[in-house]
Amino acid sequence: MADSDSLSDVVAIVTGGSRGLGASMARHIVAGGGKVVIADVLDEEGEQLASELGAAARYAHLDVTDRAQWDAAVARTVAEFDKITGLVNNAGISTGQFIEHEPLDHFRTVLDVNLVGVFNGLQAVIAPMRAAGGGSIVNISSAAGLMGLALTAGYGASKWAVRGLSKIAAVELGTDRIRVNSVHPGMTYTPMTAQVGIQQGEGNYPNTPMGRVGEADEIAGAVTYLLSRAASYVTGAEIAVDGGWTAGPTVKYVMGQ
């Protein structure tokens with residue numbers, strides 16, 4: 001977890017914050033001394049998490065494809081905590097089909113949530129962050145946004161686009177002291193990935209140099225770093241948190257040979 005005061009100036013919205021990676025991010029923000037608005041369409045789980053985290057947390061219903069709901073979530077954040085200085089665009093949906101089989105409607109739906117949702121969030125927070133004197137936006141892309149990965153037509157395309165949009169926003173918003181970075185998780189253990197057979201522990205994911213999948217707290221650690229004062233000169237960056245997956249193919253060798 002973050003140091004108890006490293007995020008003391010942070011007031012952040014985390015989309016997709018009710019469970020999985022988003023819930024871990026919300027917990028890290030509060031543990032670091034910050035305040036968080038958990039934004040999601042999973043109302044019951046979001047309300048429970050906000051209650052668990054106490055006075056530093058609130059829950060707001062948010063469909064990221066709906067700009068009016070974005071405006072309401074931002075207004076609620078400012079009303080509850082006086083400002084907004086952080087945004088984690090984490091909400092997203094996945095895909096698992098070859099390009100030739102992916103229905104056009106599904107492709108568009110994935111882009112709408114994963115890319116247009118991020119665009120909506122960027123636009124919604126610029127004015128209040130500017131009024132607060134700056135802030136940090138962290139867009140959750142993916143390892144699939146750093147390399148071509150089969151069976152990810154809509155997902156991969158959206159995550160490559162999030163990577164590019166993050167850099168454009170970093171260039172445009174730098175003089176406002178609004179930092180924009182992207183984080184690229186590899187395969188990570190969450191309740192959702194557990195349902196498709198992903199397991200924790202060493203040796204369970206040989207595709208990566210580290211030989212295992214990531215943990216939600218490891219992704220959240222990178223996110224809270226980018227939200228914190230420690231990253232005050234970091235913008236336009238892309239941080240892979242993937243056990244070396246995108247660094248290159250795994251090679252087995254014996255030292256000295």
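The paragraphs below describe a predicted model, taking the sheet, the helices on it and the core in turn.

The sheet is open and is built from 7 strands in the order β3-β2-β1-β4-β5-β6-β9, with parallel pairing. The edge positions belong to β3 and β9 (238-241). Each of these two has a single partner strand, so one of its sides is left without a neighbour in the sheet. On average, neighbouring strands are turned by 20 degrees against each other, direction ignored.

The pairings can be followed through individual residues. Between β1 and β2 there are 5 bridges in the parallel sense, and Val11 stands opposite Lys35 of β2. β1 is also joined to β4, running parallel to it, by 3 bridges; here Ile13 has Leu87 in β4 as its bridge partner. Leu87 in turn stands opposite Ile137 in β5, where β4 and β5 pair in the parallel sense over 4 bridges. Within β4, Gly86 and Val88 point one way while Leu87 and Asn89 point the other way, and all of them are buried.

α2 lies across β2 and β3, and its direction runs at about 165 degrees to β3. Helix α4, residues 104-131, touches β4 (86-89), β5 and β6 (178-185). The direction of α4 makes about 180 degrees with that of β4.

The helices also pack on one another. Two packed helices are described by the angle between their axes and the distance between the axes. For α1 and α7 the angle is about 50 degrees and the axes are 8 Å apart. That angle makes α1 oblique to α7, and the crossing is right-handed. On the α1 side the contact is made by Leu21, Ser24, Met25, His28 and Ile29. On the α7 side the residues include Ala216, Asp217, Ile219, Ala220 and Val223.

For α1 and α2 the angle is about 20 degrees, with the axes 11 Å apart. This makes α1 roughly parallel to α2, and α1 passes α2 in a right-handed crossing. Ala23, Ala26, Arg27 and Val30 of α1 meet Leu49, Glu52 and Leu53 of α2.

What surrounds Ser24, apart from residues up to four places away in sequence? Ser24 sits in helix α1 and touches Ala216, Asp217 and Ala220. Its relative accessible area is 5%, so Ser24 counts as buried, which requires a value under 20%. Met25, with the same exclusion of residues up to four places away in sequence, touches Val14, Val88, Asn90, Ile140, Ile219, Ala220 and Val223.

In soluble globular proteins, nonpolar side chains tend to be buried together. The largest nonpolar core in this model has 29 residues, and Met25, Val36, Ile38, Leu53 and Val223 touch the most other members. Two or more residues each come from β1 (11-15), α1 (20-31), β2 (35-40), α2 (43-53), β3 (57-61), β5 (135-140) and α7 (216-227).

How values were computed
Residues are numbered from 1 along each chain as its sequence is written. This is a predicted model: local features need pLDDT of at least 70, side-chain atom pairs count only at pLDDT 80 or more; totals for chains, interfaces and linings use all residues. Side-chain values use heavy atoms; hydrogens and water are left out. A nonpolar core is a set of buried Ala, Val, Leu, Ile, Met, Phe, Trp, Tyr and Cys residues joined through side-chain atoms within 4.5 Å. Buried means under 20% relative accessible area, exposed over 50%, partly exposed in between (1.4 Å probe, protein chains only). Contact means heavy atoms within 4.5 Å. Two strands pair if DSSP finds at least two bridges between them. Axes are lines fitted to C-alpha atoms, for helices over the stretch in contact, and angles run from 0 to 180 degrees between N-to-C directions. Angles under 35 degrees count as roughly parallel, over 145 as roughly antiparallel, 65 to 115 as roughly perpendicular and the rest as oblique. A crossing is left-handed if the near helix is turned anticlockwise from the far one by less than a right angle, and right-handed if clockwise.
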